[in-house]
Amino acid sequence: MVQYAQARFDASFAALSDATRRGVLEHLGRADASITELADKFHMTLTGMKKHVGVLELAGLVVTQKIGRVRTCRLGLRRLKEEAAWIERYRQLWEARFDALDAVVEELKQKEKSDARRKRG
Amino acid sequence: MTNRTTVERKSERELVVTRTVKGPARLVFEAWARPELFQRWWVPKSSNVTMLSCEMDIHTGGSYRLVFQHPASGQPMAFFGRYLEVTPPSRLVWTNDESGEGGAVTTVTFEDRGGETVVVLSDLYPSKQALDEAIASGSTSGFGEQFEQLDALLLALDADGGG
């Protein structure tokens, strides 16, 4: 699992290193789209866009589904869970920050105490 | 868990983070306002992100610029903006300009309650669309969409049991 996650991690960085692909993710964050629509939107050939979507798909960031002759792309994350998951990650980020801030403030408190002792001393 | 961190989407375009810190407001404010202290807590160690530089000209109208690097990413990423209000030890307001017009304005208030400080941080986006887009892009305004996308991906992988 760890190695698998690491491989995915590397694939994702490669996938996200390209501005067009980041744009595609942003676009799909707002609405699903076909490869043709994405190619138009980003002024690219169909072949070029297929390659970009292929890279995103390999990284697990996008899933595609072919219905008839149209291949539709959507974000790899489940939509309904997306906002809740985002808010939880945001909360975890702040919790980690505040835990470290607590430690810094504790240190400042101790320093004030010992400075006060020294002055009295 | 008296010092739990909570996050709430207060409105269509506002997110609010709340936490009680064990220490007087003047020290909590100091830890936010002095770059050498700020650098010690802003980046969680678990994120593998390094703060390459931290410039903070902390007065009303001053600007800041933070540059981060992740070992798996080639390009350092910069976060920058201006301080709209600096009122020690109770209030800090800054802009987040790295993402252009969709950036939030962050307001932090420090309320001293008998030696403890209630910290309330609000990210106010210019529109509902701007906040929705921030969520859709995966960015949590502080680490850049690339890292956050990856976090999201790893969470999704965990949820799938590795599949």
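User: In what order do the strands of the open sheet in chain B run?

Analyst: The general idea first: strands of a sheet pair through backbone hydrogen bonds, either parallel or antiparallel. In this predicted model, chain B has an open sheet of eight strands, ordered E1-E2-E8-E7-E6-E5-E4-E3, and the pairing is antiparallel. Its edges are E1 (6-11) and E3 (50-56) of chain B, each pairing on one side only. Ignoring direction, neighbouring strands are turned by 20° against each other on average.

User: How many bridges join E3(B) and E4(B)?

Analyst: Six, with E3(B) and E4(B) (residues 63-69) pairing in the antiparallel sense. To pick out one bridge, take Thr50(B), whose partner in E4(B) is Gln69(B).

User: And which strands does helix H1 of chain B touch?

Analyst: H1(B) (residues 25-33) packs on the sheet against E2 (14-21), E6 (91-95), E7 (105-113) and E8 (116-124) of chain B. The direction of H1(B) makes about 150° with that of E7(B).

User: Let's switch to chain A. Which residues of H4(A) are buried?

Analyst: The general idea here is that an α-helix has 3.6 residues a turn, so residues three or four places apart point the same way. In H4(A), the buried residues are Met49(A), His52(A), Val53(A) and Leu56(A). They sit on the same side of H4(A) because their arc around the axis is only 95°.

User: What span does H4(A) have from its first C-alpha to its last?

Analyst: H4(A) (residues 46-58) has 13 residues and reaches 18 Å, close to the 18 Å expected at 1.5 Å a residue. After H4(A) comes Gly60(A), with a positive phi near 80°.

Terms used
Residues are numbered from 1 along each chain as its sequence is written. Chains are lettered from A and ligands numbered from 1 in the order in which they are written. This is a predicted model: local features need pLDDT of at least 70, side-chain atom pairs count only at pLDDT 80 or more; totals for chains, interfaces and linings use all residues. Two strands pair if DSSP finds at least two bridges between them. Helices (H or I, at least four residues) and strands (E, at least two) are DSSP runs, numbered from the N terminus. Axes are lines fitted to C-alpha atoms, for helices over the stretch in contact, and angles run from 0 to 180 degrees between N-to-C directions. Two residues are in contact if their C-beta atoms, placed from the backbone, lie within 7 Å. The expected span of a helix is 1.5 Å times one less than its number of residues. A residue is buried if 20 or more other C-beta atoms lie within 10 Å of its own, exposed if 12 or fewer, and partly exposed in between; C-beta atoms are placed from the backbone. The arc is that of the directions from the helix axis to the C-beta atoms.
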